Amino acid sequence: MSENTTVLTPAEIAAADLADFTPPTPVLAARYRTKDFASALALVDQIGAAAEEANHHPDLTLAYGSVGVTLTSHDVGGITQRDLAMARRISELAAAAGAVAEND
């Protein structure tokens, strides 16, 4: 298996230091607070464009003033390097948009 499709261990995922995302369960999850619906929708659009570019698509939840993100590699049944890379990219996009991670 390639590096991008190998399921990572909890220790490998923790070592990635993804501050915006919850500790792994079967998925990586984050929620971002935005100033309003339009800002949340714009962030979803940016995440969607990044996902298309990477050919790796998160599950997204859009609500007034928030965006929820869930990442996992469904094809291998766990979290892979693809998910870590997409989480980092999403964190960058959220920070640039002024969205704030809400870690529950």
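## Terms and model

A residue is buried under 20% relative accessible area, exposed over 50%, and partly exposed in between, using a 1.4 Å probe and protein chains only. At 64% relative accessibility, Y64 therefore counts as exposed.

This is a predicted model: local features need pLDDT of at least 70, side-chain atom pairs count only at pLDDT 80 or more, and totals for chains, interfaces and linings use all residues. Residues are numbered from 1 along each chain as its sequence is written, and side-chain values use heavy atoms, leaving out hydrogens and water.

## Strands

Helices (H or I, at least four residues) and strands (E, at least two) are DSSP runs, numbered from the N terminus. Strands pair if DSSP finds at least two bridges between them. Strand β1 (residues 28-33) runs antiparallel to β3, with six bridges. β2 also pairs with β3 in the antiparallel sense, over five bridges. T70 in β3 is the bridge partner of A29 and of D59.

Five of the six residues of β3 are buried, so this strand is largely enclosed by the rest of the structure.

## The hairpin

β2 and β3 form a hairpin with two residues between them. Y64 sits in this loop, between β2 (59-63) and β3 (66-71). G65 in the turn has a positive phi of about 75 degrees.

## Helix α3

What is buried in helix α3? The buried residues are D83, L84, M86, A87, I90, S91, L93 and A94. Their cover includes α1 (10-15), β1, α2 (37-54) and β3, where contact means heavy atoms within 4.5 Å. After α3 comes G98, with a positive phi near 80 degrees.
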